[in-house]
Protein chains: 2
Amino acid sequence: MIAVDWGTSSFRAYRLDESGAIRERRERPRGIAQVPAGGFPQVLAEEMGDWLAGGGETVVLCGMVGSRQGWVEVPYCECPAGAREIAARLQPVELDGAAAFIVPGVCGFDASGVRDVMRGEETQILGALEALPEEAVVCLPGTHSKWVRVQGARILGFSTHFTGEAFAVLKAHSLLGRMIEGGPTDEAAFLAGVARSGEPEGLLHHLFGVRAKALFGELSAAGGGEYLSGLLIGHELRNALAAVRDAPVFLLGAPGLAARYALGLRALGAGARALDAECAVNGMRLLAHARRLVRNTA
Amino acid sequence: MIAVDWGTSSFRAYRLDESGAIRERRERPRGIAQVPAGGFPQVLAEEMGDWLAGGGETVVLCGMVGSRQGWVEVPYCECPAGAREIAARLQPVELDGAAAFIVPGVCGFDASGVRDVMRGEETQILGALEALPEEAVVCLPGTHSKWVRVQGARILGFSTHFTGEAFAVLKAHSLLGRMIEGGPTDEAAFLAGVARSGEPEGLLHHLFGVRAKALFGELSAAGGGEYLSGLLIGHELRNALAAVRDAPVFLLGAPGLAARYALGLRALGAGARALDAECAVNGMRLLAHARRLVRNTA
């Protein structure tokens, strides 16, 4: 089978053998934002036409390719959701020479009854299940960080934090961005931001403080971005940990960002174990088996 | 004397008679962001050359004209600061045919020892003193909202919230902005945002919730902006009120924004009295008297 992790900004394709091992992988900066409407089969033909040439392939795709801006909008699967529930809602799509399916996202409600959604992270969680205990919380840092409660191999519920996008937007477009330039990692500045996030008067007051500190030369150009990152991640971590209770926390994300979250968690007295970041492919394999699209050779 | 309230985006000049009454006023969308370096005397000559033609005028200027991006950077006056302390730090500037002075901003530290600054609001506060009791808290909503503790006719301390700029940046540049259009005032949506701000998991989670609600059609295009506004103002109000204790709250700002804050405060069970928004001119008159730049005719 072929597994495709197709997000907003990148395209990752994996060719698996019958045992489920990865035989070949291709990664390209060709996310769905670069694909014109109706252009998805064409991009697949260009990127992996040789894999499809024999015919009869099973292709599973996950990520934003199933969103309103993607190939087709696949309705969300409601929590609680495990491999069985998600596999039942795999959405077939037309692709020459293959049986192709898009993984649905998952939706739920937070403790206050407000909607939340994910697309792509559910497949990563499924792929990481074998490394998780019966009950766990998985933090997936990113543009929109997810905190996912897992129990009995199913996603019970989750909360999204706008942290990564808030950081990008504030750096690029606001007063903070005009005064602060990117730069090398400055662990002390990052941790100062994490510490600040625990002080009174809230995030909106803390954000203005970044500007005031910069005005008085209390933040270097390099350190300012790290302080802002620590401030935002610190707010996310404190709020998310307050909702987690006793379940062990696992981190699943790109190594740099995961290291940043691990540093913040340690500063707050919480531990977190790292999971393999490339587990989406394993999740797609699991879904293909659950839907009986491929023979179970396990 | 002539009083000039010169901010980032607007220029307001007032000609006062010897009794301190406003004889004439001019307002132009010619804020300091539109003035090239060194161009400030030229703009004053163009906007009020006729007022200066007789010579011997006293001109007091307040606002961002005294910032690093303004005419000259005037050092901040430290809290606690009243008319005496601020008047002593009026900064003379060269202007043909006039004795011209720029009002310094005020700086302080929040309860956690982090710097905070204002420029222009201190002059509004001075101008509003006669309407305030011995002890009060004044909220000045805006791009950077100020919550100012006043006691015995002096600014004791203050806290700034990034609310207005966060709203503008999120509306214009983020996913929220792409999905939500401006529109007519929708009081119910605004109040739903204020209510949401009191729920668990913090602002960064609540911000993602705006997107999720919009995805599921739970927010109209018109109501989305109002909900986001209520969410951000609600976070500011809750955090600021927690720091205020028992002092009565006064609102000082443009009528539309002040009405929005008053609505939010009422929803949180707090009252606020409105102050005259055009009190900066009175503050400049007070400073000119305190510095003995004009005869005291009171």
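Reader: How many residues does the contact take from chain B and from chain A?
Author: This is a predicted model, in which local features need pLDDT of at least 70, side-chain atom pairs count only at pLDDT 80 or more, and totals for chains, interfaces and linings use all residues. Residues are numbered from 1 along each chain as its sequence is written, chains are lettered from A and ligands numbered from 1 in the order written, and side-chain values use heavy atoms, without hydrogens and water. Contact means heavy atoms within 4.5 Å. Chain B gives 46 residues and chain A gives 46 residues.

Reader: Which salt bridge joins Arg115(B) to chain A, and at what distance?
Author: A salt bridge puts a side-chain nitrogen of Lys or Arg within 4 Å of a carboxyl oxygen of Asp or Glu. The rule finds four across the interface of chain B and chain A. Arg115(B) pairs with Glu218(A), N to O, at 3.3 Å.

Reader: Are helix 3 and helix 10 of chain B roughly parallel or roughly perpendicular?
Author: Helices are DSSP runs of H or I, at least four residues, numbered from the N terminus. Axes are lines fitted to C-alpha atoms over the stretch in contact, with angles from 0 to 180 degrees between N-to-C directions, and 65 to 115 degrees counts as roughly perpendicular. The axes of helix 3 (residues 121–128) and helix 10 (residues 280–290) of chain B come within 6 Å and cross at roughly 85°. Helix 3 and helix 10 of chain B are therefore roughly perpendicular.

Reader: Which residues of helix 3 of chain B make the contact with helix 10 of chain B?
Author: Helix 10 of chain B brings residues including Met284(B) and Leu287(B). Helix 3 of chain B brings Thr123(B), Gln124(B), Leu126(B) and Gly127(B).

Conventions
Helices (H or I, at least four residues) and strands (E, at least two) are DSSP runs, numbered from the N terminus. Angles under 35 degrees count as roughly parallel, over 145 as roughly antiparallel, 65 to 115 as roughly perpendicular and the rest as oblique.
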